[in-house]
Each structure stands twice: as C-alpha cells, then as structure tokens.
Amino acid sequence: MTSNQPYRPGTTNRRVDPFAAFALAWPTLSADETDDALAELEDWIDWLRDRYHLDHRHLPHCWALHSELIEELSALHTAWQHSYAPDADGSAPLRWHDAFDAGRQRLLEWVARTGCRPDNHREHP
C-alpha cells in the first residue's frame, strides 16, 4: 500500500500494514525491493527523528549508505510495527521503548564508527 501522504503512525495513510510487518533480510532483496523497502523505512525514520528529537549522532542524513544502520533501524521499525499493531498487548509499547533505548545506544556506537558528520559522509574504508 503506498500513499503520497506523509507517514503518520496510527493513521490510515501509513504505508506499512502492521499485520504484514516482518523482518527484512536485506541481502536477499532485489535492487527494486531494496529501493522500495528503503523508501518505506525512510518515512518511518523521518517520523522517528522528529518524534524523539534524534540528531546526527543517532541518525546521520547518510544513514541509508551504511548497512549497519539500515539493519538496526529496520529491526527497530519491525519491532515498532508489532508493538503498535491493533492486536498487540498493552505492554508492548513499553517493551518497544526498552528495545529503542538499547537501539539508540547501538546507533550512537555505529554512527561514531562511520566518522560521518552533518555535512560530511565518509565511505567505509
């Protein structure tokens, strides 16, 4: 399901159906599937950045050029979808926030290793 509307979790115009949420095995995707999945993930990451006031130390603008960041963010996205699905139990969002806390720490470490700065992307050595 696609939409030209901005990503708004909890509304009918979100692009990802929470009942269809599954973990992506990125290396198995075709180039077109990767592009589509990155577009879906980018919408959620834009929302996540704004909602939780994340800056370049957690989410550099070049995140999509770093496989380790894609994997971490994709896992958080899948967990978020399951935690906020209509059939999720009431404590699922709290468990997601626990996972998000650990994920933010890993993101800090990954981003520090990249050496990327707000105005400068660094390729992997």
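Visitor: Is Trp44 buried or exposed?

Guide: This is a predicted model, by the way. In it, Trp44 is buried, with a relative accessible area of 0%.

Visitor: And Trp80, buried or exposed?

Guide: Trp80 is buried too, at a relative accessible area of 5%.

Visitor: How do I read a pair of aromatic rings?

Guide: You look at the distance of the centres and the angle of the planes. The structure holds nine aromatic pairs. One of them joins Trp44 and Trp80: the centres are 6.0 Å apart, the planes make an angle of 50°, and the pair is tilted. Trp44 belongs to helix H1 (residues 31–51) and Trp80 to helix H2 (residues 67–83), so this pair ties together parts that are 36 residues apart in sequence.

Visitor: Why is the pair of Trp96 and Phe100 called stacked?

Guide: Because planes under 30 degrees apart count as stacked. The planes of Trp96 and Phe100 are at 15°, with the ring centres 4.7 Å apart, so that pair qualifies.

Visitor: Where do Trp96 and Phe100 sit in helix H3 relative to each other?

Guide: Start with the general idea. An α-helix has 3.6 residues a turn, so residues three or four places apart point the same way. In our case, Trp96 and Phe100 are four residues apart in helix H3 (residues 92–114), about one helical turn. Trp96 is buried at 1% relative accessible area, and Phe100 is buried at 0%.

Visitor: Which charged end sits over the ring of Phe100?

Guide: That's Arg104, whose charged end is 4.7 Å from the ring centre of Phe100. You'll find another case at Trp110, where Arg113 lies over the face of the ring, 5.0 Å from its centre.

Visitor: What about charges that meet other charges?

Guide: Side chains of opposite charge can pair when their charged atoms come close. Here the count comes to five salt bridges. Arg104 turns up again in one of them: it pairs with Asp101, with the closest N and O atoms 3.1 Å apart. Asp101 and Arg104 are both in helix H3, three residues apart, which is about one turn of the helix. Asp101 is partly exposed at 38% relative accessibility, and Arg104 is partly exposed at 24%.

Visitor: Which residue does Arg95 form a salt bridge with?

Guide: Asp89, and there the closest N and O atoms are 2.9 Å apart. Arg95 counts as partly exposed at 46%, and so does Asp89 at 40%. A further salt bridge joins Arg57 and Asp55, at 2.5 Å from N to O. Arg57 is partly exposed, with 49% relative accessible area, and Asp55 is partly exposed at 26%.

Visitor: H3 keeps coming up. How far apart are its end C-alpha atoms?

Guide: They are 32 Å apart, and that agrees with the 33 Å that 23 residues should span at 1.5 Å a residue.

Visitor: Which residues of H3 are buried, and what covers them?

Guide: The buried ones are Ala92, Pro93, Trp96, Phe100, Gly103, Leu107, Val111 and Thr114. The cover over the buried residues of H3 includes H1 and H2.

Visitor: What follows H3?

Guide: Gly115 does, and its phi is positive, near 80°.

Technical notes:
Residues are numbered from 1 along each chain as its sequence is written. This is a predicted model: local features need pLDDT of at least 70, side-chain atom pairs count only at pLDDT 80 or more; totals for chains, interfaces and linings use all residues. Side-chain values use heavy atoms; hydrogens and water are left out. Rings of Phe, Tyr and Trp (its six-membered ring) pair if their centres lie within 6.5 Å; planes under 30 degrees apart count as stacked, over 60 as edge-to-face and the rest as tilted. Helices (H or I, at least four residues) and strands (E, at least two) are DSSP runs, numbered from the N terminus. Buried means under 20% relative accessible area, exposed over 50%, partly exposed in between (1.4 Å probe, protein chains only). A charge sits over a ring if NZ of Lys or CZ of Arg is within 6 Å of the ring centre and within 35 degrees of the ring normal. A salt bridge is a side-chain nitrogen of Lys or Arg within 4 Å of a carboxyl oxygen of Asp or Glu. The expected span of a helix is 1.5 Å times one less than its number of residues. Contact means heavy atoms within 4.5 Å.
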